[in-house]
Amino acid sequence: MSTRIVVVGGGTAGARLAQRLPVTLLGEEPHAPYNRVLLADVLAGRYAPEVIALPGTREPVRLGVRAVRIDRAARTVECADGSLVAYDRLVLATGSNPVLPPLRGLRGAALPVGVHPFRTLDDCLELRALVRPGVRAVVIGGGLLGVSAARALAERGADVVLTQQGERLMERQLDEHASALLREHVEALGVEVHTECRVSGLRQRDGAVTAVELADGFVLDAQVVVLACGVRPRVALAREAGLSVATGIVVDDELRTSDPYIHAIGDCAEHAGRVYGLAGPALEQADALADLLTSVVGKRSAGAERVGTTGGTPAGAFALRAWTRTESASPSGCGEEPEAEAPPRAPSCVPTRPAQRDDCPHGAEVAAPAEGGPAARYTGTRALTRLTLGGPRPLDLAAFGEVTARPGDDVVQLTDATRSAYRKVVVRGDRLVGGVLLGDLAAVGALARAWEGDEALPDEAPLLHLLTHDGGSS
């Protein structure tokens, strides 16, 4: 019997793994895996929905299939349609859910007509059907996703108000100057921006939204409300199965959960105390796990192992390794975006697993990894946040690392008003620790490599990467 790999979920991580390994992909959404970070382009009308579909996997995708229960003793996943999928290794790629803020008028299972998260292709298509020139739209959340949604709605002719609880747009990713330039860009498109603005409730009539109430008593008329308040890892399936869950599903450097037969990757996984919520780390985790499973399965005889993967989030692109867009996620609610970068790579340390565990239904079958075993390890990701806003007034921005300097840091900032460009790097000692670029990203590749490599900058010209358009190569 050949090895069977089952992927439940068509998200970034699950679809990537499905591309690397022969799998049966079970996707909760009715759509084939797609590039979630291009949803704003679909909303704006620049792309048709089919354009953002991801490259096909090695085996057919079962769509509209939701995993509802894991039987760890039988090693099966039960689906909502009653089917059972057996596994020897299960990979949870359950992704994340949009945060629904605790607002008056937003309690209960059903959202008022006109109120939508901006997370899935269905969300995007429903919003596109509602929006026409002159429609009053309010976007709640001024992070990367909120800015993208507001801009797309404005391109469709809506009268858009963007509300941000924090002091400025994308405050976790950008410094004050870059954030101010971004605000100018958004306002030039006709978007009305309110910062330091807390939304307290929604008004509705006959089940449809009519206005957004602010904490200061101001009321914004609204026919459409977009909730861009971040996301939370989907952990219910793992928690109900008795797996270790903190903010996300806790995994080690082999991306194993507290059950050594179950792995987790992507938005739902928590590695070294961090949930990334970014497409780049999800890809790296999927690649690391694909290498690991290939090594493990390759050492076993045919039929010795079944491998299953479960998840269900819409996907970010993985056909190109160089990302043009990266969406941030926030587990903490509206107006709060995650840190712009992942932490420095954690040391590779895989907890030693005992030969027998009380929390594992397989008892003595659970063996510690053999010395000299698979070399594949995931040790963390340094993630660069990048946003490309297309259309008649395009804008590119990128941010990585620490964009706010500490005492003693060296900082270089360049502003080119004629090109609406801004660049800044922060150097600590001989290391590049962060940077932000807006409008002109010619140097972003060289800067990102220097930061990701965490290597000493050249003594003779440590900031040349910033000062030249070719990244210091000439």
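**Exercises on a predicted model**

T76 lies in strand 5, which spans residues 76-79, and the model in which these exercises are set is a predicted one.

**Exercise 1.** Decide whether T76 counts as buried or exposed, and list the residues that T76 touches beyond its neighbours up to four places away in sequence.

*Solution.* Begin with the cut-off, since a residue is called buried when its relative accessible area is under 20%. The relative accessibility of T76 is 14%, and therefore T76 counts as buried. Then turn to the contacts: leaving aside residues up to four places away in sequence, T76 touches R69, I70 and D71, and also L84, V85, A86 and Y87.

**Exercise 2.** Identify the buried residues of helix 3, work out how they are arranged when seen down the helix axis, and name elements that cover them.

*Solution.* Helix 3 runs over residues 121-130, and its buried residues are L121, D123, C124 and L127. Seen down the axis of helix 3, these buried residues fall within an arc of 155°, so they line one face of the helix. As background, an α-helix has 3.6 residues a turn, so residues three or four places apart point the same way. The cover over the buried residues of helix 3 includes helix 2 (39-44), strand 9 (115-117) and strand 16 (224-227).

Notes: Residues numbered from 1 in each chain as written. Predicted model: local features only at pLDDT ≥ 70, side-chain atom pairs only at ≥ 80, totals over all residues. Heavy atoms only, no water. Buried < 20%, exposed > 50% of the residue type's maximum accessible area, 1.4 Å probe, protein only. Helix = DSSP H or I, 4+ residues; strand = E, 2+ residues; numbered from the N terminus. Arc of directions from axis to C-beta. Contact = heavy atoms within 4.5 Å.
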